[in-house]
Each structure stands twice: as structure tokens, then as C-alpha cells.
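Dear colleague,

Please find below the structure that I am handing over to you, shown together with its sequence.

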Amino acid sequence: MRLLLVEDDQALRSEIHQSLTAAKYVVDVAENGEDGAHLGETCSYDAIILDLGLPIIDGISILGDWRKKGIGTPVMILTARDSWRDKVRGLRTGADDYLAKPFQTEELLARLEALIRRSHGVALSLITLQSVQIDLSMKTVSFDGRPVQLTPNEYRTLAYLGLNRSRVISKTELTEHLYDQDFDLDSNVIESLVARLRKKLGGDLIKTKRGHGYVVE
Ligand code: CA
């Protein structure tokens, strides 16, 4: 799961960044509206956290522009506590959710998780794939009822496949959702990640579609 965080307040930005990384997300960061608009337009994200008051281009303009261009990535806007007008404008411009500052990290994480689930049409935070269970809230995985230790990359791979159940996911798409913008795309990395997951979770779970990618049913 890869996120974009657009926030100009340095302290808040690094606090949110830390919490998201601890929750096993990969996070790209933008400090102003111009960089944020560009990243949101050119990279694939599972969700975007967008502050409204930003230098260069404000959040509402960025959001409106993305939606006009057909970019449908789920967006959570960060608003000032009492500004109901901002919330309404944000939602009507195409935001999927909002959070008023100051907020609790737990609430941010819970809302993000729900936002990402909903965008994949997944109702529950527990995904069951054969004998494997993925708990999207706790970010844990079990196999045959026993907890399995996964690295953050292994977890992200499995969670992304699980959220896109029955859809064949190419290595390129997986890479885009697993690593941040500085990662040098190399499909061997994905192959060895999948091999490690098969070792931990049984060989049948992740199927290879030759020339197309991977799928879980
Ligand atoms: Ca701001």
C-alpha cells in the first residue's frame, strides 16, 4: 500500500509520515501544492492525504484538477477544526473523507484503512484466502490459524493481492504499490518476494499467470 502525503507543516508531516510507515505503508511526501499535484498525477497511490492550506497551489484546486483529469484515487483532506465550509467544499470537489486538525493518529489510520478497503469494494477488514487470513486493521497474517511473521514488503504484497482478489496484478503494478518514488523498478525483486510468501503461506495461494502477473482467488 502506497500513499501520498501532501502537508506543508513540517512537524505534522514527519509525525504523520512516521505513523504511516509504522503501519506498513510506503509513503511519498510533498511539502507544497505544486509537488503534491505533480506526484498525484504521475504516480499510482492507494490513497492520498491532502492538506488544504498549502503553498503555491491550495488543496481544493489540486483536488479539483485531479478529478477533472479523471484521477480517482481516494483522497482524505485535512481541514481546520471548525471549518465546516472547507469540509463541504472538499467533499463536493471530490474528496472521499476528511479529518479535522488536530486529530488522533489512530483515527487517521482507521479512516485510511476504511477508505482503501472501500475503494476495492472490500467490506470487512479481515480477508480470508483459503487458509490464509489477512487482518487489515492489525496488519497481521495467519496461516492455518497460526500467526505468520511477514516483512513489511511481504505484507504489502499480500495485502495488495488480497484487496484485488481475482484480478491479475502485473509485476509493474505491484512494484508501483509497494515502493516509493525512489525505487528502481526491477521485477526480480517481486519474484523473490512472491517466492518467500509462498514458502511462508503455502505454494497454492498466489498463482502465476505467465506473462501477466499474479492472482489470488
Ligand atoms: Ca497547511
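**Salt bridges**

Glu41 forms a salt bridge with Lys69, in which the closest N and O atoms are 3.1 Å apart. The pair links distant parts of the chain: Glu41 sits in helix H2 (residues 33-42), while Lys69 belongs to the loop between helix H3 (59-68) and strand E4 (75-80), 28 residues apart. Glu41 is partly exposed, with a relative accessible area of 38%, and Lys69 also counts as partly exposed, at 46% relative accessibility. Please bear in mind throughout that this is a predicted model.

A salt bridge also joins the side chains of Glu154 and Arg196, with an N to O distance of 2.7 Å. How accessible is Glu154, buried or exposed? Glu154 counts as buried because its relative accessibility is 1%, below the 20% under which a residue is called buried.

Lys101 counts as partly exposed at 22% relative accessibility, whereas Glu7 counts as buried at 1%.

Salt bridges that share partners join Glu7, Asp51 and Lys101 into one network.

**Domains**

The domain assignment of the protein gives domain 1 (2-119) and domain 2 (126-215). Taken over C-alpha atoms, the centres of domain 1 and domain 2 are separated by 25 Å. How many residues of each domain are in contact with the other? On the side of domain 1 there are 14 residues, and they are in contact with 15 residues of domain 2.

**The cavity**

A search of the whole structure finds one cavity of 30 Å³ or more. About 110 Å³ of space lies in the largest cavity. Its lining consists of 13 residues, of which Met1, Tyr25, Leu136, Lys139 and Leu163 lie nearest the centre of the cavity.

Both domains take part in this lining, since at least three residues are drawn from each of domain 1 (2-119) and domain 2 (126-215). Helix H5 (105-119) and helix H6 (152-163) each supply at least two residues of the lining. H6 gives the most, with four residues.

**Two individual residues**

Lys139, one of the residues nearest the centre of the largest cavity, is placed in the loop between strand E7 (132-135) and strand E8 (140-143). Lys139 is buried, with a relative accessible area of 14%. Leaving aside its neighbours within four places in sequence, Lys139 is in contact with Ala23, Lys24, Tyr25 and Tyr155. Among these partners, Tyr25 is also listed with the residues nearest the centre of the cavity. Lys139 and Lys68 are 71 residues apart in sequence, and their C-alpha atoms are 34 Å apart in space.

His177 lies in helix H7 (residues 171-178). With a relative accessible area of 7%, His177 is buried. Apart from its neighbours within four places in sequence, His177 is in contact with Met1, Arg2, Ser44, Tyr45, Asp46 and Tyr160. Met1, in turn, is one of the residues nearest the centre of the largest cavity. The C-alpha atoms of His177 and Trp66, which are 111 residues apart along the chain, are separated by 19 Å.

Yours sincerely

Terms used. Residues are numbered from 1 along each chain as its sequence is written. This is a predicted model: local features need pLDDT of at least 70, side-chain atom pairs count only at pLDDT 80 or more; totals for chains, interfaces and linings use all residues. Side-chain values use heavy atoms; hydrogens and water are left out. On a 1 Å grid over the protein atoms alone, a cavity is a set of points where a 1.4 Å probe fits but cannot get out, and a pocket is an open set with protein on both sides within 12 Å along at least five of seven lines; lining residues have an atom within 4 Å of a point. Grid points are joined across faces, edges and corners, and a volume is the space filled by probe spheres set on the points. Domain bounds come from an automatic or database domain assignment. Buried means under 20% relative accessible area, exposed over 50%, partly exposed in between (1.4 Å probe, protein chains only). A salt bridge is a side-chain nitrogen of Lys or Arg within 4 Å of a carboxyl oxygen of Asp or Glu. Contact means heavy atoms within 4.5 Å.
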